[in-house]
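I opened the notebook to look up ring contacts.

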Amino acid sequence: MSGITLVSSNACFEGFQKVYSHDSEELKCKMNFAIYLPPQAETSENLPILYWLSGLTCNEQNFITKAGAQRYAAEHGIVIVCPDTSPRNVNIPGEDESYDFGSGAGFYVDATQEPWKTNYRMFSYVTNELVNLIAKEFGNTVDTTRQSIIGHSMGGHGALICALKKPGLYKSVSAFAPICNPIECPWGVKAFTGYLGPKESGKWEEWDAVELVKSYNGPPLTLLIQQGKADNFFKEKQLLPGNLLKSCQENSLPCILKMNEDYDHSYYFIASYIGEHIEFHSKILKASN
């Protein structure tokens with residue numbers, strides 16, 4: 001595994017918001033990730049980690065510039081890591097043709113179909129390579145036994161499947177307006193067909209949170225879902241949080257679904273409630289110390 005290269009560093013709430021690049025073995029390309037090191041990183045060791053997964057069209061910049069999360073990370077002494085959402089510039093025909101497939105739209109799955117399967121391995125990148133990279137490069141600061149995951153939209157889907165497919169890797173999981181049931185929504189059907197093959201292949205259910213809840217057999221886990229009622233994608237049935245809540249209830253997995261009047265799919269929504277989510281994760285992470 002190659003080392004990391006500093007791309008930028010900015011003082012923020014007495015800590016530092018940094019961006020690094022590295023050559024990814026899983027994705028076979030150069031990748032960026034952002035990491036916020038709170039002020040406690042200067043004097044403390046073994047700080048907990050919160051991974052943020054962004055949504056369609058985003059990269060590592062959207063969350064760190066729009067969500068205002070650094071304030072709360074500094075307050076609670078949490079490191080936040082935010083990777084890009086897909087491989088970049090890997091020269092696959094059609095990779096830049098649409099906003100919801102290809103570049104910026106990795107859907108956090110490990111593709112099995114040509115020509116995507118060599119590079120589009122975001123699940124293994126997030127849950128394995130990036131975790132190991134953070135441990136290697138920031139091992140004197142972070143505690144990789146105390147990490148949680150959170151995301152938005154496509155990244156909310158990513159956070160949910162990472163927590164459900166890797167029991168015990170993350171102490172807690174939450175999501176803003178996640179794509180909860182991709183095998184039943186247009187975004188998911190398009191992405192899964194391209195990355196995983198036809199539905200008849202039987203591979204889709206392995207990457208769908210509603211289906212994964214049915215077979216979850218790991219440490220206690222509570223799902224926290226935040227959804228705006230004015231979200232057009234919620235109205236268009238791209239997100240389907242009710243399906244996830246029903247699956248959790250039927251399979252005795254705790255799920256908190258918070259519906260918020262007037263809020264849409266934007267970062268205004270995320271910025272309004274990110275403090276509550278970081279507090280949710282902080283309590284669980286600190287209790288596991």
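I call a residue buried under 20% relative accessible area, exposed over 50% and partly exposed in between (1.4 Å probe, protein chains only). The model is predicted, so I note that local features need pLDDT of at least 70, side-chain atom pairs count only at pLDDT 80 or more, and totals for chains, interfaces and linings use all residues. Residues are numbered from 1 along each chain as its sequence is written, and side-chain values use heavy atoms, without hydrogens and water.

Entry on pairs. I pair rings of Phe, Tyr and Trp (its six-membered ring) if their centres lie within 6.5 Å; planes under 30 degrees apart are stacked, over 60 edge-to-face, the rest tilted. I find 17 aromatic pairs in the structure. Phe 101 and Tyr 195 are stacked, because their ring centres are 4.4 Å apart and their planes at 25°. Both Phe 101 and Tyr 195 are buried.

I then looked up Phe 192 and Trp 204. Their pair is edge-to-face, with 5.9 Å centre to centre and 75° between the planes. Phe 192 is buried at a relative accessible area of 0%. Trp 204 is buried too, at 3% relative accessibility.

I also noted one aromatic cluster, formed by Trp 52, Phe 63, Phe 176, Tyr 263, Phe 269 and Tyr 273.

Entry on charges. I count a charge over a ring if NZ of Lys or CZ of Arg is within 6 Å of the ring centre and within 35 degrees of the ring normal. The charged end of Lys 18 sits over the ring of Phe 16, 5.2 Å from its centre. Lys 165 lies over the face of Trp 207, 4.2 Å from the ring centre.
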